[in-house]
Each structure stands twice: as C-alpha cells, then as structure tokens.
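User: Got a model open here. Can you walk me through some side-chain details?

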Amino acid sequence: MKAGIVLVNKYCDTNDSRYTGYINYIDRNDAVRNDNMEKYNLYQNYMDNPEKSTGIFTDTKDFLTYEEKQNIKEVIKKAQEKGSLMWQPVISFDNAWLEENGLYDHNTGLLDEVKIREFTRKSIGKMLHKENLDHAIWTASIHYNTDNIHIHVAIVEPVPMREKRSYTVYDYVPDINGNYVKSIYGSYVKATEKNQRYYAENKIKYKRIEKVDAKGNPVKREGYVGPFKQSSLELCKSTFANEILRDREYGIKINSLIRDSIVKRKRSMELEKDPELKERFLALHEKMPRKGNRGLWKYNSNIMLPLRTEIDQLTDLYIQKYHSEDFEALMGLIEKRSNQYKRAYGETDRNYKNKKIEDLHTRMGNAILEEIRKYDQSVAENLIQDEKVIINDSENNIDDKQDILSNLTKEMATDVRENIEIDLDKLSGIDGKKDSVSNDAYKKWFKQNKEIKQKVRANDKKAVAVAERYARNGNPLAICALAEIYEKGIGGKKIDLNAADEQYAYAHSIFERDYENVIKKNSKFDLKGYLAYRIGKQYIYGKGVEINSQKGIEWLKKADNIYSDFLLGNIFYFGIGEKKDMLLAREYYEKAGSFPLANLRLATMYENGTEIEKSEKKANMYYKKAYYGLLSMEDDHNMCYQLANLLYEGKGCDEDKARAKELYEIAAKFKNENAVYKLSQIFIKEQNVEEYPRVEKMLKLLSDESDYEKAQYALGKFYLNEEITMYNPEQAEYYLRKAAEKGNEYAQYTLGKYYLNVEMKSYNPELAEYYLNQSAEKGNEYAQLKLGIEYLKGTKIERNAEMGHIWLQKAANQDNEIAKKIIMNMKNYETYCRRGKNVNGLAKEIRRTNMKNMQRLDKAVAALKRSMNQEYVRSSRQNQLEHDEMMEKNRYQ
C-alpha cells in the first residue's frame with residue numbers, strides 16, 4: 001500500500017552552489033522559482049518541477065511581502081557567512097490519501113492550504129525541538145504535482161549552535177578506477193549510475209585519499225553535524241499524520257458543505273445576472289484596485305484588505321438567498337466540533353468557529369473575485385473589440401513607423417557617433433608663431449589625414465599603408481584614422497578591436513601631451529580648443545580610454561568651439577552619461593549654429609516639436625542651412641551620409657534619390673552602418689534582389705566583427721523579412737537580442753513583437769513582456785502602445801488593466817493617435833460604469849432602445865392605419881347614407 005505521507009531530509013554546507021541558489025531565488029516570483037528549482041533544490045531527481053507552487057510561508061507568516069522576503073534573504077545570507085548548514089526536508093503526500101482525509105479535491109485542484117500550513121508548523125516545530133534547533137529559522141512552500149503534493153522546507157541557524165564533530169579530510173585525484181565523481185555543485189559524490197547521469201560535472205572519476213599533514217598524520221576538520229536523528233524525522237511525520245487524521249471526520253463533512261454545497265454551486269451561477277445581487281456586484285467591481293496585476297485579486301491578498309468587508313457582505317447575502325439550509329447544517333457541525341475540542345482540551349477553542357467562517361468567506365470570496373476577474377476581462381475585451389480594426393490596421397504599419405532607420409526625421413536626430421573633423425581650409429589662418437607644439441606640424445598632419453580619407457574613399461589599396469606610415473611618424477590624426485580602419489575593417493584590413501583601442505589610446509596620450517604644451521590661442525584657429533575637443537570626445541565614446549562622461553564634458557567645455565558645443569548638445573539631447581535636457585541641448589545646438597549637424601538637429605526638433613513649439617517654417621530654414629553646410633563636407637563619410645538623407649527625402653533641397661544613393665554607397669565604403677542599413681532598405685523596397693547578398697555581407701561584417709548595435713538590429717530586421725530568400729527567424733532573433741542587450745529600444749520592441757507571434761517556435765510571452773517593457777521605458781511610443789494593448793487584452797501576457805492604462809497614456813502623451821482613441825473609449829466606458837450599468841450590455845441596450853423605437857413606430861403606423869380605416873369606413877357609411885337619401889328624394893320627385 002502506498003504511504004500517505006513520506007518525509008526525507010538532506011543538507012548541504014556553505015560551499016554548495018544550491019545554498020547560494022536558494023538565497024538568490026527566495027525573493028523571486030513563484031513561476032521563476034519553479035523554473036529554476038535545479039539551482040537550489042537538493043532533490044533534482046527525486047521529484048519533477050512542480051506544476052505550480054504557493055508563496056513562501058514561515059512559522060509565523062502565511063504570506064511574505066517583498067520586504068519580508070528581503071529580510072529573510074539577509075538572515076539566510078548571514079547564516080551562510082557564519083557557516084550554518086542548510087537542511088531541506090521535504091514532506092510528500094499521496095494526493096489520494098489527502099483527498100480521503102478531506103484536505104484535497106482532485107476535480108477542482110483545491111487544497112486546504114490553511115490546514116497544511118498549520119500542520120507543517122506543528123510538525124517542523126517538534127522536529128527542530130528534538131534536534132535542539134529551536135533557535136533555527138525556516139521557510140517553506142507547498143508544491144503541486146499530479147500525484148504528490150509536497151512541502152519544501154529550508155532550515156538554517158542564524159547563529160550556528162549545532163553540535164560539532166571531527167571529520168577526516170580527503171583529497172580526490174583523477175583515477176580511471178575511482179569510485180567518486182565531481183558534482184555540478186562542487187562536491188564529490190559516489191560514482192553511482194544515478195549520480196553519473198544526473199549530477200556529474202564530467203565523465204572523470206576520482207579516487208578518494210586521506211589527506212595527511214607533514215608528519216604523515218590524517219588531517220581532521222571540525223564541522224557541524226548534518227544528519228537529523230531518525231527519531232526526529234519520525235516525530236515530524238507522525239505529528240503531521242495525527243493532525244490530519246484527527247481533523248478527518250468532521251473536516252470531511254464541514255469541507256463538503258463549504259466546498260461542494262455552497263462554493264461549488266456559486267461557481268455555476270453569475271451574481272451579475274441576479275436582479276437582487278447585481279447592483280452590489282457591479283459596485284464591488286467598480287471599487288476593485290486598478291494598480292498591479294489582476295492575479296492579485298485574491299481574497300487574502302493585501303490589496304484586497306479594504307474590500308473584504310464588502311466581499312463578505314455579498315457572500316452572506318448570496319448564502320442567505322441560496323444556501324440558508326446548508327449554512328444552518330454547517331453551523332451545527334462546527335458547534336459539535338467546538339464541543340469536541342472542549343472535551344479533549346478542557347477548554348473551547350474559541351478560534352475554531354471563526355476560522356471555519358473565515359475559510360468559508362475566503363473560498364466564497366475567491367469565487368466572487370474569480371467572477372469579477374472574468375467580468376473585468378470581458379469588459380476589456382468588449383472595449384478592445386470596438387478598436388480591433390483600428391488596432392490591427394495600425395499595428396500593420398507600426399513596423400515602418402517605429403523603425404528609427406526607416407524614419408528620416410528620427411534617423412537624423414539619433415546618430416550620436418558623428419566623426420567630426422576640422423575643415424582643412426580653416427587651418428590656413430594658423431600663424432607661424434612657435435609654441436612648444438608646432439602649428440605647422442598640425443597643418444601637415446591635417447593634410448595627411450585628408451589624404452588618408454581620400455584614398456579610403458577611392459578604394460585605393462595604398463590607403464592602409466599610407467595611414468600606417470603617417471601613424472608611425474607620430475601623427476595623432478593618422479593614428480585615429482588607423483584605429484578606425486582596424487575598428488571597421490576598412491581597406492581589406494581584418495577587424496581588430498583590441499588594436500583599434502590601442503591606437504586610440506596612443507592618440508589620446510598625444511592629444512593630452514600637446515594640449516599641455518600649447519601656450520596661446522591663435523586668433524583664427526584655436527588649436528588648444530581643438531585638442532580639448534578631441535580629448536573630450538574620446539572620454540564620451542570610450543575611444544582608447546574608459547568612458548567618463550564627466551571628464552568628457554569638462555574637456556568639451558574647455559574646447560569652447562562649434563564642434564564641442566554640438567557634442568555637448570548631443571550629450572543632453574540623448575542623455576549620454578547625463579540626464580536628458582532638451583532646453584540645454586537646444587542652447588548648445590544654437591551656439592554651434594554654423595555647424596551643419598547642429599542645424600540638422602534643430603530642424604528635427606522644430607519638426608517634431610521636441611519640447612519646443614512645432615514650426616514647419618523654422619524646420620525648413622534649418623534643413624536648408626544643414627544642406628548647404630553639408631555640401632562642403634562630403635569628404636567625411638558621416639556628413640556624406642547625412643547629405644544623402646536630405647537628398648533622398650528632399651529636406652531643405654530638391655529631392656534627388658539617384659544622387660542620394662551614390663552618396664550612401666560612398667559612406668558605406670567607410671563602413672558607415674547607417675548608410676549600409678539605408679542601402680539595404682532601399683534595395684529591399686526596390687526589390688533589388690541582386691544586391692541582397694551584398695547587404696547581408698556588409699551587415700554581418702559590422703555586426704560580428706565591429707559589434708555595432710545598429711548593424712545588429714538592421715541584420716535582425718533583414719532576416720525577419722519573409723519576402724527574401726535570406727529569411728531566417730533564428731538568426732534574426734540572435735542579432736536582435738545582441739542589439740537589445742546593448743539597449744537598442746527598436747530591437748527590444750521588435751523582439752517583443754517577435755516573441756508574441758504564436759506561429760514562431762520561439763513564442764514566449766514572458767520574454768515579450770520583458771523586451772516591450774525595456775523599449776517602453778526608453779520612451780518608444782509603439783512599444784508603449786503594444787504593451788498597453790496586450791495588458792488590456794490579457795490573452796498572451798497576463799492581464800493588468802492598470803499598467804495597460806499607464807502605457808497607453810504614455811503613448812498618447814506622444815501624440816499616438818491609436819492610444820488616444822482607445823483612451824477616449826476607456827473614458828466612455830468608465831462614465832457608463834459609474835452609472836452602475838453593465839458595459840457588456842451597452843450594445844444590447846442600444847439595440848433594445850432601437851427596437852423599442854421601432855416598436856413605437858410600428859404601433860404608430862398601425863394606429864394611423866386603423867385610424868385611416870375607421871375614417872374610411874365612417875366616410876363610406878356617410879357617403880352611402882347621403883347616396884341613399886338622394887335616391888330616396890329622386891324617387892318621389
């Protein structure tokens with residue numbers, strides 16, 4: 001016969017990774033804990049992961065708040081630091097036995113968790129007392145499985161007081177005939193078939209040898225006693241069993257009345273449809289807390305505390321109307337049980353009656369709240385249903401609108417990697433006065449740097465050799481050019497990020513040295529300011545130095561030129577190491593007004609209304625300034641790319657797509673990832689399939705070897721295109737995740753949608769929610785919209801109407817028309833709900849109103865017909881009388 005209750009106990013020391021694993025996962029939600037049990041559970045192959053589990057409880061608390069979990073976590077962590085062992089007893093039950101004793105119902109899956117927790121406390125308490133561990137603390141959770149519900153317990157000593165014993169210390173050496181294997185948790189275990197299959201770190205076997213000291217004596221160590229006495233384990237098990245059996249007879253009858261006669265029947269009827277209870281039901285629904293997950297709408301949840309009285313009142317009204325006889329029988333049984341306690345213990349357990357009424361209210365409360373959750377979800381579904389066409393149609397276009405690299409205005413406003421070089425012509429004003437740093441030297445170095453760029457642009461094979469020669473001669477600009485060649489693999493050079501970083505570091509040291517040696521500023525060209533700009537830029541982007549935005553800003557302020565002002569504008573526009581500040585960004589852009597990219601940024605700000613009043617006139621003015629400024633800077637690949645953008649869209653100039661494509665090609669030769677992506681989008685749009693292999697090759701080079709997030713995002717999007725032969729969702733996921741991990745909000749948004757696609761093998765709503773939240777937090781309006789919709793629908797992501805409202809409002813604040821439309825209908829719903837009406841019946845009421853109007857109209861028409869008929873009859877009769885009278889007169893004339 002199968003045992004109704006089984007108890008096993010294992011322990012581990014502080015070096016076992018599962019000890020740390022338990023600490024790490026104690027404050028995680030139940031689903032995460034269940035999925036990661038192998039990281040903290042000592043019984044990997046004794047039982048499967050649970051289908052579900054309850055929250056953690058202790059000897060005094062049924063449920064733990066997040067703060068309480070954090071406190072327990074700290075206590076266990078300190079216990080580990082002090083050397084306490086961790087014991088993990090597991091009490092396992094035969095579910096059929098629990099059902100026989102009235103604690104479990106396999107049809108509904110309901111377990112009397114209140115009793116189980118109560119019995120756990122008694123049995124664990126007695127076991128610890130017998131082991132002299134009254135000072136220990138423990139946590140536990142109930143795990144549900146198909147055949148065996150079980151309780152996982154973890155016990156530690158905050159201050160270790162356990163008896164110590166002397167243990168022999170062993171060394172383990174590799175031996176093909178050894179009897180031990182090293183476990184994945186760091187300890188050595190017997191090389192049994194089970195351990196080798198499930199626990200072994202590898203296939204190596206070890207021989208155990210006693211460790212000896214210099215004198216040949218066995219080495220001993222003191223350690224706390226691990227195993228519990230068998231009598232202690234038996235006491236725990238017998239206590240639990242006796243508590244269950246003692247509770248059985250009346251428990252079965254009482255629970256049958258509560259669960260089957262009252263609660264179960266409630267689940268088959270709807271309070272919403274009861275004329276007498278409907279008003280209270282709807283009033284309770286309107287008062288439900290809107291913050292947090294609807295899964296927290298449980299009777300014993302803390303957020304429901306303010307509403308429990310109203311829930312209980314609704315329960316009492318329901319019972320009074322439908323189950324008055326059942327309730328009377330229930331109270332009779334409870335009174336008898338109280339008398340049994342009085343005879344057994346010499347006093348009445350005054351709490352027993354209250355506990356059973358509380359149990360009834362809890363179960364009925366949860367049944368009512370379950371109906372409210374379903375009703376609330378149906379309300380949202382009906383609400384969303386009205387928007388379904390709008391949402392679906394609009395979501396089809398989101399991919400195009402949200403894509404930073406497909407939206408020119410955003411694209412122009414988001415490239416923070418401008419590689420700005422000083423125009424050589426501006427150096428003509430350097431005078432010949434001799435500082436300790438020769439101005440002539442920098443004039444020569446600028447000419448050499450320009451020569452390098454021209455050779456790269458012309459695909460001259462000598463470009464790399466020229467850059468290396470000038471770099472060897474100490475030209476810091478050539479050194480930076482060489483670093484970029486290594487960084488992007490230009491001119492056939494293999495990408496080498498370490499070599500690039502070394503070159504940048506070398507250039508940085510030269511810039512700092514020369515800055516200190518420049519004595520005075522020149523009237524026409526500020527060499528000292530230029531050097532400060534180069535140093536600051538390297539700190540901002542981490543080129544050859546550790547990223548340090550504070551140092552970068554200090555150097556840029558010292559530079560005080562249009563290039564440093566533009567870069568400072570970028571820092572506050574994008575929040576690079578500083579908090580975003582659009583007003584400050586605009587001030588710096590205006591200060592750098594003669595620089596084309598600053599004009600370009602101002603144009604996008606006025607066009608988008610970025611914390612500034614929208615002005616098409618000012619936007620066009622700045623676009624024109626940017627265009628004419630960029631015309632003289634085509635030699636720079638970034639400027640070339642930005643000029644191509646303006647020509648492609650006709651911003652500040654006449655549209656010229658052919659010339660734009662030529663410029664994109666030039667920028668792409670310099671491995672400008674934005675130009676590469678833009679070309680890929682143009683080729684895809686034009687269905688130029690012959691160029692697809694080149695696009696893939698360029699993006700892969702930038703993604704794999706240069707590790708550029710935009711290229712990774714671009715390649716992920718490229719592979720997601722089902723219309724091309726390179727379609728590869730697995731590769732798409734790989735590259736999108738690489739970009740997302742770097743904080744790319746567009747990759748995060750795309751991944752969120754990808755993981756919500758039920759047709760994909762990688763369908764994963766939890767990951768979808770994670771990535772959509774990441775993107776939405778960064779201000780992506782389409783991620784905010786998508787997240788808001790999914791939280792309201794609750795079909796893929798667990799429903800959370802409060803968060804749905806919040807994200808939709810954030811999207812609406814960015815002028816997202818879909819979000820604004822949904823919110824407007826939400827307000828209509830709330831107004832309707834406040835009137836105490838059922839939103840699900842809104843359409844029906846309209847139809848009923850229309851029907852009544854039609855019926856009134858039909859009645860009016862019918863009345864008119866009757867009236868006309870009656871008039872016709874009267875008129876006919878009158879005419880007949882007049883006719884007869886006339887005939888009568890004629891007869892006698």
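User: Which residue lies over the face of Y299?

Analyst: R308 does, at 5.6 Å from the ring centre. A charge sits over a ring if NZ of Lys or CZ of Arg is within 6 Å of the ring centre and within 35 degrees of the ring normal. This is a predicted model: local features need pLDDT of at least 70, side-chain atom pairs count only at pLDDT 80 or more, and totals for chains, interfaces and linings use all residues. Residues are numbered from 1 along each chain as its sequence is written, and side-chain values use heavy atoms, with hydrogens and water left out.

User: What lies over the face of Y470?

Analyst: R469, at 4.9 Å from the ring centre.

User: Switching to ring pairs. How many aromatic pairs does the structure hold?

Analyst: 32. Rings of Phe, Tyr and Trp (its six-membered ring) pair if their centres lie within 6.5 Å; planes under 30 degrees apart count as stacked, over 60 as edge-to-face and the rest as tilted. Y172 and Y188 have ring centres 4.1 Å apart and planes at 5°, so they are stacked.

User: Where do Y172 and Y188 sit?

Analyst: Y172 is in strand β9 (residues 170–174) and Y188 in strand β11 (residues 188–190), 16 residues apart. Strands (E, at least two residues) and helices (H or I, at least four) are DSSP runs, numbered from the N terminus.

User: Is Y530 buried or exposed?

Analyst: Buried, with a relative accessible area of 1%. Buried means under 20% relative accessible area, exposed over 50%, partly exposed in between (1.4 Å probe, protein chains only). Y533 is buried too, at 0%.
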